[in-house]
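Hi,

Here is the structure I promised to pass on.

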Amino acid sequence: MTLTQDDLRAATAAGILDEAQAARLSALSHERAGRIARRANEDEPFELFSGFAEIFISLGLILLTSGAVTFAFAAGGVVFVMAALMAVGWFAAHYFTLKRRMSLPSIVLVCTYATGAGGLIGYVLDMIGVGSATLGAILLGLGGMASILLHYRRFRVPFSMLLVGLYGFMTIYAITTETSPVDTLITGSVRGLFDLRQGGSLAIGTLIFGILAFIAGLWFDMQDPHRIGRRARSAFWLHLLAAPALVNTVMMTAYNIPGELGVVLTLIGLVIITAFALIIDRRSFLTAGLGYLAALIFWLLGEGSMDITIPILMLLLGSLITGLGTFWTHLRVALMRALPNFPGKTRLPPYDDVTATSE
C-alpha cells in the first residue's frame, strides 16, 4: 500500500504526526519510490565501495589499526592487541558506518572487530584450559557468532553476515566432524569430501550449514523484496555461503554415482537448481553449479581431442551462461507465472513487471 499525501495530511490533522515528521516521512516515501523505480535500470546491484575516497580511507584505517596494534602489543601483549582491534572496529564504526554510511571502511572495521573478538575469545579459552579441541572450536564459533551479531545489531553492516556464517560453519563443523578434511584427503579424494553417500562428516556438516545459511538469507530477502535496503545486502552474503555449501554437497553426491545414472541425476539437479535460483532471484545458486555443468558438457563431448574439446566446452558453457544472464528476467517472469501460489511467493522479489531485475 502506497502512502499518499492525503494520508499524511490526515495523520497530521489527527495529531498522529507533526508537520516536521510528516515532511520527513514524505521525503522518505519519495526516496524509496525512486530507488524502486531505478531498479529497472540496475543489474545485480552490489556495492563494495562507492568511490576511491572509501578505498583511501580504508587504507588509512588499516594503517591506523596496525599502528595501534603495535603500541598495544608493546604495552600489554596479546590481550591488549585484541582489545585494541575490537575498540578500533567498534568506535570508529560510529563515524564511518553510522554517520558517513561508507561501505568499504565499514567492512574493514567489522573485520577488525571480528579479528579482535575471535582472538580474545580464543585467548580466554586457552587460559581457562578447555578440555578438548572440539569443545574449544564450538565455544570459539559460538562466541564469535555472538560478538559479530552484537556488532550487527548496533551498526547493521551487511558484510557481518558473512563473518557470522563463517563462525557458524566452524561451530557446525566442530560438532559434526570426527576427522579433518586433511585426513579424508589422505584416505580418499577431493570428490569424497562432499559425498553424502560416503557418510563424510564434512559433507553432513556442510549440508546442515548450507540449509541454515539459506534459511537465514531467505528470511532477510523476504523482509526487503525490492532489495533496496541493508537486509537484502545482508542476505547476499548469506546466500554466497549457502549456495556452494548446498550445491556442492548435493551435486557432488549425484555426480559421484557411477555410470549414466550419476550424469542424469546431475543434469536433473542442475535444472532444479536453475529453477530454484530463478524463483528466489539469486544467481549465486546457479553460479555454484557451473563446475558441474562444465563436467556434464565435457562428458557429453566424449573422449575427443583436448585441443578441440576444450574450445567447444568453453563455447557451449559461455553461450549458456550468457543466454541465462541476458534473459534471466524473462525466464523468471515466465516461471513465476507458471507456478501456483505457494507460501512466501508474494514476499519474493516482484516478477509481474518484465523490466524488474534481481539482486
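H3 passes H5 in a right-handed crossing; a crossing is called right-handed if the near helix is turned clockwise from the far one by less than a right angle, and left-handed if anticlockwise. Helix H3 covers residues 52–76, and its axis and that of H5 come within 8 Å and cross at roughly 20°. Axes here are lines fitted to C-alpha atoms, for helices over the stretch in contact, with angles running from 0 to 180 degrees between N-to-C directions. H3 and H5 are therefore roughly parallel to each other (under 35 degrees counts as roughly parallel, over 145 as roughly antiparallel, 65 to 115 as roughly perpendicular, the rest as oblique). On the H3 side the contact is made by Glu-54, Ile-55, Ile-57, Ser-58, Leu-61, Ile-62 and Thr-65, and on the H5 side by Ser-103, Leu-104, Pro-105, Val-108, Leu-109 and Thr-112. Contact means heavy atoms within 4.5 Å. By class, the H3 and H5 residues there come to eight nonpolar, four polar and one charged. Ala, Val, Leu, Ile, Met, Phe, Trp, Tyr, Cys and Pro count as nonpolar, Asp, Glu, Lys and Arg as charged, and the others, Gly among them, as polar.

Before you read on, some ground rules: this is a predicted model, in which local features need pLDDT of at least 70 and side-chain atom pairs count only at pLDDT 80 or more, while totals for chains, interfaces and linings use all residues. Residues are numbered from 1 along each chain as its sequence is written, and side-chain values use heavy atoms, with hydrogens and water left out.

Overall, the protein has 16 helices and zero strands; these are DSSP runs numbered from the N terminus (helices are H or I, at least four residues; strands are E, at least two). Of its 359 residues, 40% are buried, where buried means under 20% relative accessible area, exposed over 50%, and partly exposed in between (1.4 Å probe, protein chains only). Among contacts with a separation of 6 or more, 65% are between residues 24 or more positions apart.

Next, H11 and H12. Helix H11 (230–255) packs on helix H12 (259–280) at an angle of about 160°, with the axes 8 Å apart. That makes H11 roughly antiparallel to H12. Their crossing is right-handed. H11 brings His-239, Val-247, Met-251, Ala-254 and Tyr-255 to the contact, while H12 brings Gly-262, Leu-265, Thr-266, Gly-269, Leu-270, Ile-273 and Ile-280. The tally for H11 with H12 is eight nonpolar, four polar and no charged residues.

H7 (residues 160–176) and H10 (residues 201–223) also cross, at roughly 150°, with axes that come within 9 Å. This crossing of H7 and H10 is right-handed. Met-161, Gly-165 and Phe-169 are among the H7 residues in the contact, and the H10 residues include Gly-205, Phe-209 and Phe-220.

What about the core? The largest nonpolar core has 62 residues, and those with the most contacts inside it are Phe-96, Leu-109, Phe-159, Met-161, Phe-214, Val-247 and Phe-285. A nonpolar core is a set of buried Ala, Val, Leu, Ile, Met, Phe, Trp, Tyr and Cys residues joined through side-chain atoms within 4.5 Å. H11 supplies the largest share of this core, twelve residues. Setting aside neighbours within four places in sequence, Met-161 is in contact with Leu-149, Tyr-152, Phe-220, Ser-234, Trp-237, Leu-238 and Leu-241.

Arg-101 has a phi near 55°, a positive value in a residue other than glycine. Arg-101 sits in the loop between H4 (78–99) and H5 (103–128), and is exposed, with a relative accessible area of 52%. Asp-281 is not a glycine either, yet has a positive phi of about 60°. Asp-281 lies in the loop between H12 and H13 (283–288), but is buried, at 2% relative accessible area. The C-alpha atoms of Asp-281 and Thr-329 are separated by 8.8 Å, although the two are 48 residues apart along the chain. Thr-329 is in helix H16 (residues 328–338) and is buried too, at 17%.

Cheers
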